[in-house]
Amino acid sequence: MHSGMTRRHFLDHMAGAAAFGAASFALGRTVEAAASQLSRDHKSCILLWMSGGPPTIDIWDMKPGVATGGPLRPIRTTGDVEITERLPLVAEQMKHLSVIRSMSTREADHTRGAYYLRTGYVPNPNVVHPSYGSVIAHEMEPKIAGLEIPPFVSIGGPSEGPGFLGMAYAPLQVDQSGRVRDVQALVEKERMDERLALLAEIEGRFAKERRGPAAGEHAKVLERTVSLMRSDQMKAFDVASEPTKSRERYGDSGFGRSCLLARRLVESGVPFVEVDFGGWDLHDDCFTRLDQKLPELDRGMSALVSDLEERGLLDQTVIVWMGEFGRTPRINGDAGRDHYARAWSAVVGGGGLQGGLGIGETSADGSTVESKPHSAEDLMATVCQAMGLSLQTNFTSTNGRPMKIAGGGAPISELFA
Amino acid sequence: MTHASALFRTLCQTVTLVAAVAVLGEARCLAATAQDAVSDAKVDDAQIVAAINKSLSASWRDSGVTPSKPAPDGAWARRVYLDLVGRIPTIDELEAFVAQAAKSRRRWLVDRLLGDSYRDEHARWRATEWANLLIGRTGGGRNSLAVREPFEKYLRVAFAENRPLDQLMREMVTASGSVRPEDDDHNPAANYLADKMDENGVQATAKTAQLFLGVSVQCTQCHNHPFNEGRQNQFWELAAFFRQTRAERVRDDEDDRPKARIVDRDFYGEGRDRMAALASLPGQADAAETYYELRNGKLKVAYPVFIDGNSLHDVFLERGHDYGDSGRLALVNRREELAGFIAESPDFARSAVNREWGRFFGYGFTRPVDDMGAHNPPSHPDLMATLATAFRDADYDLLRLSRWIVLSDAYGLDSMAGRSNQDDEPSLGQPPLFTRFYLRQLSAEQIYESLITATRADEALSDDRRDEARRRWTRQFATAFGNDENGEATSFNGSIPQSLAMMNSELVRRATELGWVEMKKKSAAAGDYAEKKPAGFLSSIAADRSLSNADRVEKLYLAALARKPDRKELAVCNQLLVARKGNAAEALRDVWWALLNSNEFILQH
């Protein structure tokens with residue numbers, strides 16, 4: 001049940017804090033108590049979100065020598081798959097990553113597709129579903145009691161929201177440099193606590209007046225906000241403090257910096273990080289633009305995988321690479337490819353998932369899946385299973401309907417051999 | 001009794017007349033009894049308001065739900081200021097409101113806010129909202145071909161003169177010219193299309209259908225819609241109306257960011273140039289076609305056909321011409337024809353009332369408001385039809401549509417649920433019954449303007465400078481998705497970045513500081529200063545010697561929340577005073593900060 005939160009709340013601490021000696025007034029999880037003991041008994045997930053819908057036929061499921069194949073050539077990798085020649089560094093890491101070549105979805109519109117791939121549900125006017133990050137943040141809650149920064153961080157893009165899980169599970173959106181604005185309190189801690197006591201009084205009064213959930217959720221967000229402001233763990237966002245060598249490894253690019261930041265956050269115990277790498281809506285001039293984009297992807301993604309491995313974090317970190325759909329095998333009159341959801345590829349690895357595999361296959365021209373097709377639900381179920389979440393988990397959506405985690409999808413068995 | 005507390009008492013009372021009406025479900029309402037309600041031959045304001053009340057109270061009776069009590073006057077005034085002028089009311093404005101006779105004060109306030117005294121402010125707010133709707137918050141930014149400032153100015157002028165919505169739509173859908181004010185062919189309305197002409201106007205098509213017809217066709221771009229009646233040909237036949245149009249990039253030099261010039265050109269059909277077209281045989285139809293691709297890869301041809309199935313070909317045949325499918329401007333101006341179709345379409349009025357209802361209540365008759373159709377039936381079809389007819393008969397008068405909605409009983413209800421209507425909570429998935437006012441996040445713009453109003457932080461700035469400051473502030477929360485749907489999101493949505501901004505930002509720092517200006521006597525010699533004078537709201541409350549500390553706290557509550565503090569709140573305020581060692585001005589800073597950060601301040605309720 002999503003509503004049964006175990007953590008003590010802001011309001012419990014604050015409401016009626018009549019005698020506010022500073023001590024009686026500390027937030028649930030204090031910096032002093034938690035910072036030292038960040039044990040990792042949970043897995044994390046990094047979603048590399050290719051906003052716009054990347055042409056996976058040019059990247060992971062190449063069709064050389066066919067009219068739809070485009071100009072790029074495949075190369076061998078350390079895994080059992082061939083991928084584009086523009087990703088030579090990723091090719092070195094393919095033993096850790098598997099390509100699902102049998103993604104077949106049906107939403108070929110950006111907004112709908114992005115929602116479907118990131119929630120496991122198609123848009124429905126009556127209920128807003130929680131995204132990967134919100135689900136994982138919510139389910140991991142008992143295991144991340146020492147985490148003082150938000151459990152769901154989205155770098156460079158807004159991601160999808162928390163839906164019926166409520167704003168406490170919304171992503172913290174930061175830019176690619178990891179900057180979080182306005183974290184410095186205006187007054188010293190003691191005075192801030194005193195201010196918060198009055199705030200809690202006002203909040204509590206309004207929240208208990210049966211005006212709807214928005215009034216109460218605000219208090220939870222305030223709690224997370226104060227926790228973050230006071231946490232040493234915020235230094236995880238400080239990408240600039242990384243050694244030059246490490247920054248060079250990831251590449252001097254927005255995506256590279258984002259991947260580096262993702263690694264730092266996962267290292268600090270954040271269970272879900274999304275990295276938004278946009279610009280894949282290649283309706284025209286697809287191949288020139290791929291020549292610019294793929295090297296940035298290559299550097300950042302390969303560095304992320306190898307760095308996590310070197311730090312012993314790869315087995316605890318599921319990596320997912322996907323967009324909202326793929327692009328048409330047919331190359332249009334503007335040398336571009338259009339939206340295509342029927343047959344495309346996603347990439348997963350880490351977290352104990354089998355690497356190096358090519359799962360499923362598409363037809364010779366790439367237009368249809370010729371093996372068992374996999375849906376957004378299946379992919380999400382795969383990730384949830386790898387994270388150690390029970391696929392029997394049911395949420396009760398706010399309109400009372402039971403809702404299966406990952407839309408009731410089935411994990412892709414080959415990845416769990 | 002101080003003046004402030006007398007005011008509070010009034011603000012917390014409810015208007016019993018409205019209560020009786022809402023509960024008994026009678027058709028009569030405040031506005032129906034009005035002597036001076038605006039009316040003309042076709043549409044009578046009081047009758048429309050009565051019709052809304054009648055329709056909703058009947059639906060409440062049918063569902064066996066008792067609506068909430070009417071909102072207290074203070075909460076209602078705050079709500080109406082936020083919705084009509086985009087900010088909370090000042091204490092002076094609240095005082096003027098409660099000075100009116102209880103029976104008629106709500107109508108009095110709506111008259112004022114929609115009338116001459118607030119004309120500029122109302123127009124400014126509507127322009128802000130509509131600019132976000134039409135070009136997004138990121139439109140006019142670094143990567144945009146639009147220029148925001150002249151566009152908002154254009155909209156302000158239009159709303160100030162209450163330009164009918166059909167005319168406004170026509171101006172934007174048919175606009176050509178440069179968006180840059182320095183160009184001879186400058187046309188600010190062209191900003192609407194500036195960022196929407198890529199891929200032969202896919203966005204122009206999708207947005208125009210969404211905004212002015214309330215239908216979402218963008219999914220049908222690639223395939224027939226899986227759930228609704230939308231067909232792929234519909235999208236491309238609608239898109240064909242934009243095929244004479246393109247956005248040229250204009251700039252002064254390499255370093256200059258390109259902006260748009262919307263131009264129309266003869267269109268000879270996809271892949272055909274002028275010479276190829278001239279080669280067609282005499283008598284052969286001069287049809288300029290476009291192609292789209294089916295999912296199986298087959299190409300299909302499309303000519304301009306409106307969503308109701310009327311084709312330009314047929315329309316021109318009726319006019320006695322056989323060249324309706326031509327793309328030559330001398331014969332057919334496709335965008336002009338499209339604007340005509342839209343203005344004539346019943347979907348135009350329906351989509352407008354659905355959106356406006358949604359703007360005031362947080363939920364329209366369909367969810368979302370711009371995806372109407374047989375697949376997504378409205379929650380209140382009769383009410384929507386009544387409003388759409390009235391709006392059309394009132395010549396698409398947006399001011400009057402606003403008036404009807406805000407004077408309705410439902411808009412005046414409390415946000416607090418009663419025993420019977422606790423489940424009327426659309427954020428939980430149910431269709432809205434409108435038995436109470438639903439909480440919703442204020443927009444970044446509303447919060448900004450409210451902070452400015454409550455703190456008088458920018459008294460010295462000109463309107464343009466204020467607008468620019470507001471845009472800068474709100475832009476920091478907006479992200480564009482960078483795809484061909486021009487999608488964008490705001491992190492000012494109740495999540496952590498918003499809380500951080502409200503707790504710690506420079507804007508809030510200034511709002512919670514005491515400021516003083518040194519007054520220089522006119523006749524005095526250099527260096528001879530009079531007493532310091534308080535600058536801004538907080539300082540003026542702190543410095544007002546006629547007020548007790550309790551009065552001061554009450555003033556802050558009134559300014560931020562339009563209500564009085566309760567005893568427990570006052571007790572905590574007193575502790576703050578102790579913590580500040582009796583320095584009342586410093587304690588007021590703390591109180592003010594807490595108020596500005598509260599759910600009650602940042603929510604519309």
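Colleague: Which parts of chain B each supply at least two residues of the lining of the second largest cavity?
Modeller: This is a predicted model: local features need pLDDT of at least 70, side-chain atom pairs count only at pLDDT 80 or more, and totals for chains, interfaces and linings use all residues. Residues are numbered from 1 along each chain as its sequence is written, chains are lettered from A and ligands numbered from 1 in the order in which they are written, and side-chain values use heavy atoms, with hydrogens and water left out. On a 1 Å grid over the protein atoms alone, a cavity is a set of points where a 1.4 Å probe fits but cannot get out, and lining residues have an atom within 4 Å of a point. Helices (DSSP runs of H or I, at least four residues) and strands (E, at least two) are numbered from the N terminus, and those asked for are α7 (119-135), α8 (148-160) and α20 (463-475) of chain B.

Colleague: How many residues of this lining are charged?
Modeller: The lining includes E152(B), E445(B), R470(B) and R471(B). Asp, Glu, Lys and Arg count as charged, Ala, Val, Leu, Ile, Met, Phe, Trp, Tyr, Cys and Pro as nonpolar, and the others, Gly among them, as polar. There are no nonpolar residues and three polar ones, and the charged ones number seven.

Colleague: What is the volume of the second largest cavity?
Modeller: The structure holds eleven cavities of 30 Å³ or more. A volume is the space filled by probe spheres set on the grid points, which are joined across faces, edges and corners. For the second largest cavity the volume is about 80 Å³.

Colleague: Which residues are the closest to the centre of the second largest pocket?
Modeller: A pocket is an open set of points with protein on both sides within 12 Å along at least five of seven lines. Of its 32 lining residues, the closest to the centre are G156(A), Q173(A), V174(A), D175(A) and T479(B).

Colleague: Which residues of chain B lose the most area to chain A?
Modeller: Contact (heavy atoms within 4.5 Å) takes 71 residues from chain B and 65 residues from chain A. Buried area is the accessible area (1.4 Å probe) lost on putting two parts together, summed over both, and here it is about 6,100 Å², 57% of it on carbon and sulfur atoms. Together giving 10% of what the side of chain B buries, the residues are I496(B), N504(B) and N599(B).

Colleague: How many residues apart are R224(A) and E141(A)?
Modeller: R224(A) and E141(A) form a salt bridge, with the closest N and O atoms 3.5 Å apart. R224(A) is in helix α7 (residues 213-229) of chain A and E141(A) in the loop between α5 (132-139) and β5 (152-155), so the pair links distant parts of the chain, the separation in residues being 83.

Colleague: Which peptide bond is cis?
Modeller: Most peptide bonds are trans. P368(B) lies in the loop between α16 (346-361) and α17 (381-393) of chain B. With omega near -10°, the cis bond is the one from R367(B) to P368(B).

Key
A salt bridge is a side-chain nitrogen of Lys or Arg within 4 Å of a carboxyl oxygen of Asp or Glu.
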